[in-house]
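Biologist: I have the sequence and the fold open on my screen. Could you walk me through a few spots in it?

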Amino acid sequence: MDVDVLNMFVIAGGTLAIPILAFVVSFFLWPSVLIRIYYWYWRRTLGMQVKYANCGDYQFCYSYRGRSSHRPSILMLHGFSSHKDMWLFIIKFLPKNLHLICVDMPGHEGTTRSSLDDYSIYGQMKRIHQFVECINLNRKPFHLIGISMGGNVAGVYAAQYPAEVCCLTLMCPGGLPNAKESIFVQQMKELMKKECYDELPMIPYTPEGMADMLKLCSYVRFKVPHQILQGLVDVRIPHNDFYRKLLLELMQDKKRTDLQDNMSKIKAPTQIIWGKQDQVLDVSGADILAKAIPSAQVHILENCGHSIVLERPRKTAKLILDFGTTVQNAENNKKLA
């Protein structure tokens, strides 16, 4: 064989071996790095760009795609201990001409975390309004979407700033204490009664704890390799003290009524999406909201738990799109009448 040809194969083999070796090393030694690279790659693939908005001494981190147009912009609020990238599962199935904004909630991921800040639902709602004003999103009404804790904040936001929200999507939101107690709520009440705060169900410290959390949040049983579970835990551990304080604050009885206290004030067309097998926040909350919000659309997803975005992304994206189109068509018809 010609020496030049042999050298070419050696170089090509070495070039291929480097990324493969890097992947293997990362998978076994630094799985958390691999997870961060995964989200970074997925954002790039979907066209989501990361940006920061500085409002005085407070910084918001968010990702976005598209520009404001004749269709309402969409602002998405994630749940407890999550981050803006959780929405990528749904964004994959949304048209690229939509203006999407996914913000890290107060204290989460790239958004400012301060021990002096107010992390109650009202406190977070005010921060989100600060973000909306900072990026001039409220120049015209937008579609507000929130899940779990983010759904609680979104509902209160829509009640407090009705002129800014043209339509509202609530996915298994918190803040409804009259709903049937879920497995998670029962566990939390028992632990809080005993003052056992070291092993809270939504704050894992081990791969086994992470697996238990996934089982609690998802009806679908995902087979996640041990190393990936370790990576997911490694990403969360530096933030677990904050998550614990936040969870305990949100679980206080006097602070669990935020959405219930405000739901009758919601005037925007509202869509409610809930997993029928939700073990974190019981599906009975959907009926409570439907009775309080006129003409609310309710979608109960079969064989789905609390992690709607992860378990049923395609279906959820379609429901959001159809709802937005229906609201926009109704608004256009009003203008023509």
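Predicted model: local features only at pLDDT ≥ 70, side-chain atom pairs only at ≥ 80, totals over all residues.

Biologist: Fine, sheet to begin with: in what order do the eight strands come?
Modeller: The open sheet runs in the order β1-β2-β4-β3-β5-β6-β7-β8, and its pairing is mixed. Its edge strands are β1 (49-55) and β8 (297-301), each of which pairs on one side only. From one strand to the next, the twist averages 20 degrees.

Biologist: How many bridges join β5 to β6?
Modeller: Six bridges join β5, residues 142-147, to β6, residues 165-171, and these two strands run parallel.

Biologist: Take Val153, then: is it buried or exposed?
Modeller: Val153, which sits in helix α5 (residues 149-160), counts as buried because its relative accessibility is 0%.

Biologist: What does Val153 touch, leaving out residues up to four places away in sequence?
Modeller: With those left out, Val153 touches Leu77, Met105, Ile121, Gln124, Met125 and Ile128. As for distance, the C-alpha atoms of Val153 and Ser120 are 9.3 Å apart, while the two residues are 33 residues apart along the chain.

Biologist: Something else: what is the phi of Ser148?
Modeller: Ser148 has a phi near 55 degrees, which is a positive value in a residue other than glycine. For context, most residues other than glycine have a negative phi. Ser148 is in the loop between β5 and α5, and it counts as buried because its relative accessibility is 13%.

Biologist: Where does Glu195 lie, and is it buried or exposed?
Modeller: Glu195 lies in the loop between α6 (183-194) and α7 (207-217), and it is exposed, since its relative accessible area is 59%. Glu195 also has a positive phi, about 60 degrees, although it is not a glycine.

Biologist: Last one: which residues form the nonpolar patch on the surface?
Modeller: That patch is formed by Val33, Ile37, Trp40 and Tyr41, which together have about 420 Å² of accessible area. Tyr41 belongs to helix α2, residues 31-46, and counts as exposed because its relative accessibility is 53%.

Definitions and conventions:
Residues numbered from 1 in each chain as written. Heavy atoms only, no water. Helix = DSSP H or I, 4+ residues; strand = E, 2+ residues; numbered from the N terminus. Buried < 20%, exposed > 50% of the residue type's maximum accessible area, 1.4 Å probe, protein only. Contact = heavy atoms within 4.5 Å. Pairing = 2+ DSSP bridges. Axes fitted to C-alpha atoms, helices over the stretch in contact; angles between N-to-C directions. Patch = residues over 30% accessible without salt bridge, like charges linked within 9 Å, V, L, I, M, F, W, Y side chains within 5 Å. Areas by Shrake-Rupley, 256 points an atom, 1.4 Å probe, with all protein chains shown as cover. Salt bridge = Lys/Arg side-chain N within 4 Å of Asp/Glu carboxyl O.
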